[in-house]
Structures are given as structure tokens and as C-alpha cells.
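Visitor: Please take me through a close look at one residue and the part of the chain around it. Keep it brisk.

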Amino acid sequence: CNQQRQLQTKLAEIRMERGEHEIVAETLKNVPAERKCWRLVGLSFFIIKWFQTSIGGVLTERKVSEVLPALENQVTGLANVMSSLEQQMNIKAKGI
């Protein structure tokens with residue numbers, strides 16, 4: 001039961017992170033590909049030029065054309081992790 005709760009908590013965190021990534025990706029799709037943006041290395045989100053505040057990590061300057069594909073890959077990866085966690089939760093639920 002405790003493990004299942006931990007999995008639910010982690011799933012909620014990843015779901016929120018994926019949602020944030022999706023919002024940024026949708027925003028970047030409407031930005032010129034050659035525009036500067038910054039990737040926050042060490043944390044898994046990106047910062048667009050007009051949102052230059054961060055709370056840790058290192059900002060690296062990139063172009064939208066470089067950042068958007070990586071961001072979309074992260075969204076896919078997070079979806080895969082969520083699927084795996086959901087499967088683990090189902091297995092734990094059957095065991096209870």
C-alpha cells in the first residue's frame with residue numbers, strides 16, 4: 001500500500017512535469033526557429049527569452065530549432081515513464 005502511494009505520488013509529479021513541457025513546446029512552435037531561447041541544464045524545462053528567471057541549474061543559450069526537438073523527445077520520454085509507472089501500479093493493485 002505504501003509502495004502504491006509512492007508510485008501515485010511519482011506519477012502525479014511526472015504528469016505535471018510533462019504538462020509543463022507540453023505547454024512550452026506548444027509555445028515554441030509559434031516562435032521563429034532562429035530565435036534565441038535558453039535551456040536550463042540540470043533541470044528538465046526550458047526558458048524562453050522573455051522568461052529569464054530560474055532557480056538553479058545552468059542556462060545554456062540555444063535556438064528554438066535546437067531546443068524544440070529535444071523538448072518533444074522529453075515529452076515522449078515522460079509519457080513512457082508514466083506508462084511504466086501505471087503498469088507497476090496495476091501490478092501492485094492486483095497483489096493487494
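Guide: Start at Leu85, which lies in helix H2, residues 64-95. Helices here are DSSP runs of H or I with at least four residues, strands are runs of E with at least two, and both are numbered from the N terminus. This is a predicted model: local features need pLDDT of at least 70, side-chain atom pairs count only at pLDDT 80 or more, and totals for chains, interfaces and linings use all residues. Residues are numbered from 1 along each chain as its sequence is written, and side-chain values use heavy atoms, with hydrogens and water left out.

Leu85 has 10% relative accessibility, so it counts as buried. Buried means under 20% relative accessible area, exposed means over 50%, and partly exposed is in between, with a 1.4 Å probe and protein chains only. Setting aside residues up to four places away in sequence, Leu85 touches Leu7, Lys10, Leu11 and Ile14. A contact means heavy atoms within 4.5 Å. Take Lys10: 75 residues separate it from Leu85 in sequence, yet their C-alpha atoms are 8.2 Å apart.

Now the helix pair. H1 and H2 pack at an angle of about 160 degrees, and their axes are 9 Å apart. H1 is therefore roughly antiparallel to H2. Axes are lines fitted to C-alpha atoms, for helices over the stretch in contact, and angles run from 0 to 180 degrees between N-to-C directions. Under 35 degrees counts as roughly parallel, over 145 as roughly antiparallel, 65 to 115 as roughly perpendicular and the rest as oblique. The contact of H1 with H2 involves 18 nonpolar, 6 polar and 9 charged residues. Nonpolar covers Ala, Val, Leu, Ile, Met, Phe, Trp, Tyr, Cys and Pro; charged covers Asp, Glu, Lys and Arg; the others, Gly among them, are polar.

Glu17 is placed in helix H1. At 24% relative accessibility, Glu17 counts as partly exposed. Its C-alpha atom is 8.8 Å from that of Val75, 58 residues away along the chain.

Step back to the chain. The elements run α-β-β-β-α from the N terminus on. Of the 96 residues, 26% are buried. Among contacts between residues at least 6 apart in sequence, 63% join residues at least 24 apart.

Last, confidence. pLDDT is the predictor's confidence in each residue, from 0 to 100. Confidence is highest in helix H1, residues 2-29, at a mean of 91, and lowest in strand S2, residues 45-48, at 44. Over residues 44-54 the pLDDT is below 50, and this stretch has 30 contacts in the model beyond near neighbours in sequence.
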